[in-house]
Amino acid sequence: MSALANHAFAKMNGIGNEIVVVDMRDSKAAVAPDDARAVATPAGVPYDQLMVLQPPRLQGTEAFIRIYNNDGSEAGACGNGMRCVVRRVFEKTGQTAATFETRAGLLNCWQGPAPDLYTVDMGPPKFGWQDIPLAEEFRDTRYIELQIGPIDAPILHSPSVVSMGNPHAIFWVEDVNAYDLFRFGPLLENHPIFPERANITLAHIVDPDHITIRTWERGAGLTKACGSAACATAVAAARLKRANRTVEITLPGGKLMIEWRERDDHVLMTGTASFEYEGRFDPALFASASVT
């Protein structure tokens, strides 16, 4: 039987990014990809990311967090999901600051400038082609040679690429709603240039302090919000000197403030996290999954 059977969960969202938080810090059991996929089905609790808190591996951290996309694959980072975790932990413990470990490294989190805001230090971005990673060498990842559509009239081309714990490709456009991202997203996510697939973002620079984006999220699909994509976009725009190092990012689900801090190169993401409801997973959900 699945470790999630009859286990408590909290359904939350980070500016429209559908998140399920499961606290398993009192258990050594693991969540299998099949379990994560079962939760995401219509009979379960459909989500963009499943945030599973496991016992801490490092002294001084609150938990080791495994992050699952709704296709059962694992992500290294999820900024919106982290804010949901932070709110959940802070409300239960009264803390105003905490450190968590993920596959992408240590994330320091704290109460934001207002009671309903939470800040996550997403760490430094990575720009090296091997770190993102890309399948071939590009010395300058501010733009890479990648396009979709006819060679002489590409629909999308020359994205910036960045790693924020997971791979991101940002295409600069005049109107983020003018493209069929549901169609192009899967093609670009799975392009051979991205050996670990990639998050695909359309970005429009409104002015140096404001950027609008839409994202096709690796392993999750078209989403109302992707925190790491907002961070990647802010960093990529600043590298191109098209935006300031502190910028507001507007996503379909809401807004985030992103600061690429100059003194240590870390990217800070501040935004809200909303609680929806609590429940327990129906064991029958996982029994059906094991049969199929």
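In helix 2, the buried residues are Gly79, Asn80, Gly81, Met82, Arg83, Cys84, Val85, Val86, Arg88, Val89 and Phe90. Buried here means under 20% relative accessible area, exposed means over 50%, and partly exposed lies in between (1.4 Å probe, protein chains only). That makes helix 2 mostly covered, with 11 of its 15 residues buried.

Before going further, a word on the model. It is predicted, so local features need pLDDT of at least 70 and side-chain atom pairs count only at pLDDT 80 or more, while totals for chains, interfaces and linings use all residues. Residues are numbered from 1 along each chain as its sequence is written, and side-chain values use heavy atoms, with hydrogens and water left out.

### Helix 2 and the overall fold

Helices (H or I, at least four residues) and strands (E, at least two) are DSSP runs, numbered from the N terminus. Helix 2 covers residues 79-93, and its end C-alpha atoms are 21 Å apart, which agrees with the 21 Å that its 15 residues should span at 1.5 Å a residue. The expected span is 1.5 Å times one less than the number of residues in the helix. Glycine 94 follows helix 2 and has a positive phi, near 80°.

Stepping back, the chain contains 5 helices and 19 strands. Its radius of gyration is 19 Å, close to the 19 Å that the globule rule gives for 292 residues, so the chain is as compact as a globular protein of that length. For that comparison, the radius is taken over C-alpha atoms, and the rule is 2.2 Å times the number of residues to the power 0.38. Along the principal axes, the C-alpha atoms fill a box of roughly 55 × 45 × 30 Å.

Of the 292 residues in the chain, 54% are buried.

### Salt bridges

A salt bridge is a side-chain nitrogen of Lys or Arg within 4 Å of a carboxyl oxygen of Asp or Glu. Across the whole structure, a search finds 16 of them.

| Pair | Closest N to O distance |
|---|---|
| Lysine 11 and glutamate 276 | 3.0 Å |
| Glutamate 101 and arginine 57 | 2.6 Å |

Take lysine 11 and glutamate 276, which form a salt bridge. This pair links distant parts of the chain, 265 residues apart: lysine 11 is in strand 1 (residues 8-14) and glutamate 276 is in strand 19 (residues 274-280). Lysine 11 counts as buried at 4% relative accessibility, whereas glutamate 276 is partly exposed at 35%.

Aspartate 34 and arginine 37 make a local pair, both in helix 1 (residues 33-40) and 3 residues apart, about one turn of the helix. Aspartate 34 is partly exposed, with a relative accessible area of 42%, and arginine 37 is partly exposed too, at 35%.

Then there is the bridge between glutamate 101 and arginine 57. Glutamate 101 lies in strand 6 (residues 97-102) and arginine 57 in the loop between strand 3 (49-54) and strand 4 (64-69), so the pair ties together parts that are 44 residues apart in sequence. Glutamate 101 is buried, with a relative accessible area of 9%, but arginine 57 is exposed at 55%.

Salt bridges also join into a network that links Asp121, Arg261, Arg263 and Asp264.

### Backbone details in the loops

Which peptide bond is cis, with omega near -10°? It is the one from isoleucine 132 to proline 133. Proline 133 is found in the loop between strand 8 (118-121) and strand 9 (147-148).

Serine 158 has a positive phi of about 55° although it is not a glycine. Serine 158 lies in the loop between strand 10 (156-157) and strand 11 (160-163), and is partly exposed with a relative accessible area of 27%.

Aspartate 265, another residue other than glycine, has a positive phi near 75°. Aspartate 265 sits in the loop between strand 17 (254-260) and strand 18 (267-271) and counts as partly exposed at 27% relative accessibility.
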